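Here is a short briefing on one protein model. Keep the sequence and the structure in view as you read.

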Amino acid sequence: MVEGERPVPWFLGDIYENLRTYYICPFLFVCKFAKSRSLIYNIDIIFRKYMKKIIFSGIQPSGDMHIGHYLGAISQWVSLQKDYNCIFSVVDYHAITVKQDPSELRQRIVNTAKIYLASGIDPTKSIIFQQSAVNEHVELAWIFNCYGAYMSDLQKMTQFKDKAGDQEAVSVGLFDYPVLMAADILLYDTEIVPVGEDQKQHIELARDIARRFNSRFGNAFVVPQAVVRKEGARVMSLLDPIKKMSKSDKNQNNCIALLDDVEVAKKKIMRAVTDSGSDVVYDTTDKPAISNLLTIYALLGGRQIKRLEKDYAGRGYGDFKRDLADVVGKFLEDFQSKYNRISDQEVINILAEGQSKAKALASKKMDKVRQMIGVR
Ligand code: TYM
């Protein structure tokens, strides 16, 4: 459960969900009387509290996925599946904001979904689908380009500034990417978006877009909320603890990829930079490197940071890193044995099933949006 959320009686939610699907939504769609529509809409807002909330999140199928993705995003998703209606997308149209080789991209899409499954995302509980297979995402992004998103918003996005750097030929897609992300989220009436810290600014923009659209056309979109975990929301580079662990870093020793060879991964941990001194203490200001390693150890090894500090008191960095390398190695072995048991065909079938579920939700929403803006 997300911190601060109250559990709700699900049987009420299930009853209302059926009523909503079969009676209330079709009624809202055909009803021509503004007063009745607004009354039913307000009643719906009250009763929606009893339905399971919707969660949406996604990962780009570009580069090798690493433990930052796992700890910041996917491991959170796994634990939320039981209490929420979850939708997890392989956001391939985000990946093409930078150049991709077509055949590599095709395989990465399958591999990314396989990573979701190997991590514990259960396709019988959650929808797993490929973003480009539901074209409503790009359609809604276009509408938000016209209604809701401003150039000045996008110019402020730190991720755009970092990625564009001082390149001359920066694609419009890279600039516009947060608008597509807003469309991904808002299309499904998402209330909660579990992500790593670097995505918070994009979700703020999605919230602004929802509010602006709603105030112009009436209530169409739920205003979502980002959820980041307390620890692991920003896993840092093993070589430079001031920088985020990233798949686009030229030196791959900065990160532990989920599909890294186990021995290679262990060596990366042993080579990870440490701070001055020799105490294993969590202090992000004075000991950013050790604090990052402690976070990784705590989350992958299932131990409290305080406990680790006690266990390694007076033992120095060497012992600590050796044990952490074993924890990482064990995690990767388990993860990869699950990953290797899943066939590409299984993934393709799951994505196809996810596509039809996501498509049904998205097309209903887009019918409403098209009517609201006057193109239908
Ligand atoms: P992407 O593909 O860069 O990263 C996917 C998720 O992993 C998290 N993450 C990290 N968390 C902690 N430490 C790190 N070092 C680290 N690196 C990555 C990210 O915060 C993210 O949660 N635009 C998004 C994908 C996206 C999306 C969406 C997400 C598209 N549409 C809708 C949520 C909802 C992105 O590029 O994430």
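Phe144 touches Ala149, Val179, Ala182, Ala183 and Ile209, leaving out residues up to four places away in sequence. Bear in mind that this is a predicted model.

- The largest nonpolar core has 89 residues.
- Phe144 is among the members that touch the most other members.
- As a general rule, nonpolar side chains in soluble globular proteins tend to be buried together.

**Two domains**

- The domain assignment gives domain 1 as 52–228 + 343–373. Domain 2 covers 252–340.
- The centres of domain 1 and domain 2, taken over C-alpha atoms, are separated by 30 Å.
- How many residues of domain 1 are in contact with domain 2? Ten residues of domain 1 are in contact with ten residues of domain 2.
- On the side of domain 1 that touches domain 2, helix 3 and helix 5 (102–119) are the elements that give two or more residues.
- Helix 3 gives the most to that side of domain 1, with four residues.
- By class, the side of domain 1 that touches domain 2 has six nonpolar, two polar and two charged residues.

**Around the ligand**

- There are 25 residues around the ligand. Gln60, Gly68, Gly72, Val195 and Gly196 come nearest.
- Strand 1 (54–59), helix 3 (67–80) and helix 9 (172–186) each supply at least two residues of this shell.

- Helix 2 runs over residues 34–48 and has 15 residues. At 1.5 Å a residue, helix 2 should span 21 Å. Its end C-alpha atoms are 21 Å apart, so the two values agree.
- Helix 2 is hardly covered. The count of buried residues in helix 2 is zero.
- Leu39 is found in helix 2.
- Is Leu39 buried or exposed? Leu39 is exposed, because it has 11 other C-beta atoms within 10 Å, and 12 or fewer counts as exposed.
- Leu39 and Ile24 are 15 residues apart along the chain, and their C-alpha atoms are separated by 11 Å.

**Arg20 in helix 1**

- Arg20 has its place in helix 1, residues 10–30.
- Arg20 counts as partly exposed, because it has 17 C-beta neighbours inside 10 Å.
- Leaving aside neighbours within four places in sequence, Arg20 is in contact with Cys25 and Asp44.
- Arg20 and Ser237 are 217 residues apart along the chain. Their C-alpha atoms are separated by 47 Å.

**Ile203 in helix 10**

- Ile203 lies in helix 10, residues 200–217.
- Why does Ile203 count as buried? Ile203 has 21 other C-beta atoms within 10 Å, and 20 or more counts as buried.
- With neighbours within four places in sequence left aside, Ile203 is in contact with Val193, Val195, Pro224 and Ala226.
- Ile203 and Ile128 are 75 residues apart in sequence. In space they are 20 Å apart, C-alpha to C-alpha.

**Two loop residues**

- Asp189 is in the loop between helix 9 and strand 4 (192–194).
- Asp189 has a positive phi of about 55°, although it is not a glycine.
- Most residues other than glycine have a negative phi.
- Asp189 counts as partly exposed, with 18 C-beta neighbours inside 10 Å.
- Arg303 lies in the loop between helix 12 and helix 13 (305–311).
- Arg303 also counts as partly exposed, with 14 C-beta neighbours inside 10 Å.
- Apart from neighbours within four places in sequence, Arg303 is in contact with Tyr297, Ala298 and Leu308.

How values were computed:
Residues are numbered from 1 along each chain as its sequence is written. This is a predicted model: local features need pLDDT of at least 70, side-chain atom pairs count only at pLDDT 80 or more; totals for chains, interfaces and linings use all residues. A residue is near a molecule or strand if its C-beta atom, placed from the backbone, lies within 6 Å of it. Domain bounds come from an automatic or database domain assignment. Two residues are in contact if their C-beta atoms, placed from the backbone, lie within 7 Å. Ala, Val, Leu, Ile, Met, Phe, Trp, Tyr, Cys and Pro count as nonpolar, Asp, Glu, Lys and Arg as charged, and the others, Gly among them, as polar. A nonpolar core is a set of buried Ala, Val, Leu, Ile, Met, Phe, Trp, Tyr and Cys residues joined through C-beta atoms within 7 Å. The expected span of a helix is 1.5 Å times one less than its number of residues.
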